[in-house]
Amino acid sequence: MYIIAGLGNPGGKYAHTRHNVGFDTIDKLAEKYQIRIDTRKFKGEYGLGYIEGQKVLLLKPLTYMNLSGECIQEVLSYFKADPEEELIVLFDDISLNPGLIRIRKKGSAGGHNGIKNIILHSGTQNFKRVKIGVGEKPKNWDLADYVLSVFPKADRELVEEAMEHAVDAVEMMLRDETDAAMNRYNRKSYETVEET
């Protein structure tokens with residue numbers, strides 16, 4: 001079974017902020033595949049279902065971003081899932097422009113506290129992830145203020161598109177097409193994506 005975890009912060013005041021694109025992408029997957037995320041356990045909320053013929057658990061850690069690993073490790077342990085084979089994490093990336101995504105099979109936290117905590121608790125950095133671009137922090141902004149802010153309308157439209165790409169990427173990864181997903185989406189623009 002695959003654990004697909006979207007990172008974010010719980011509570012209405014954080015809804016649809018830059019830091020919550022992981023939650024928002026989980027919602028898109030849940031809606032598309034009619035998976036109800038209605039079980040609260042393991043310091044998170046989740047729902048079970050099927051995507052591309054694979055059994056999946058869609059997970060939103062409710063620990064706040066910096067402690068995401070606590071929830072994810074509890075889920076991995078309970079369901080006896082191997083993070084290096086069966087975990088996909090969706091999260092925001094300030095080094096990518098809005099509208100872009102990046103797929104990685106492994107890697108460091110890159111300064112992202114949620115990923116840092118997952119690496120700490122799972123004991124590995126070899127897990128798949130989909131980074132969703134939220135844009136670089138303006139020079140005069142505090143980082144925390146920036147990632148907890150909502151998108152301007154034009155950026156939100158680009159991010160909605162990126163989240164659709166992230167859904168597509170997850171589907172490909174579940175079909176064991178991670179390399180193909182990387183070839184499709186790990187680029188500077190998607191003008192030619194639809195043709196490939």
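This is a predicted model: local features need pLDDT of at least 70, side-chain atom pairs count only at pLDDT 80 or more; totals for chains, interfaces and linings use all residues.
**Entry 1: H19**

I started with H19 and looked up what touches it: leaving aside neighbours within four places in sequence, H19 is in contact (heavy atoms within 4.5 Å) with L7, G8, N9, M65, D92, H112, V147 and L148. Residues are numbered from 1 along each chain as its sequence is written, and side-chain values use heavy atoms, with hydrogens and water left out.

Where does H19 sit? I found H19 in the loop between β1 and α1. Helices (H or I, at least four residues) and strands (E, at least two) are DSSP runs, numbered from the N terminus.

Is H19 buried or exposed? H19 has a relative accessible area of 12%, so I wrote it down as buried (under 20% relative accessible area; exposed is over 50%, partly exposed in between; 1.4 Å probe, protein chains only).

I also checked H19 against R104: they are 85 residues apart along the chain, and their C-alpha atoms are separated by 19 Å.

**Entry 2: helix α1**

Next I went to α1, which has 12 residues. From first C-alpha to last I got 16 Å, close to the 16 Å expected at 1.5 Å a residue (the expected span is 1.5 Å times one less than the number of residues).

Of those 12 residues, 9 are buried, so α1 is largely enclosed by the rest of the structure. My list reads V21, G22, F23, D24, T25, I26, K28, L29 and A30. What covers them includes β1 (2–6), β3 (44–51), β4 (54–61), β5 (87–93), β7 (128–133) and α6.

After α1 comes Q34, with a positive phi near 50°.

**Entry 3: α1 against α6**

How do α1 (residues 21–32) and α6 (residues 153–174) cross? Their axes come within 10 Å and cross at roughly 60°. Axes are lines fitted to C-alpha atoms, for helices over the stretch in contact, and angles run from 0 to 180 degrees between N-to-C directions. I therefore call α1 and α6 oblique to each other (under 35 degrees is roughly parallel, over 145 roughly antiparallel, 65 to 115 roughly perpendicular, the rest oblique).

On the α1 side I noted V21, D24, T25, K28, L29 and K32, which meet α6 residues including R156, V159 and E160.

**Entry 4: helix α4**

Last, α4 (residues 113–122): its buried residues are G114, I115, N117, I118, I119 and S122. I saw them pack against α2 (68–78), α3 (83–86), β5 and β7. Just after α4, G123 has a positive phi of about 80°.
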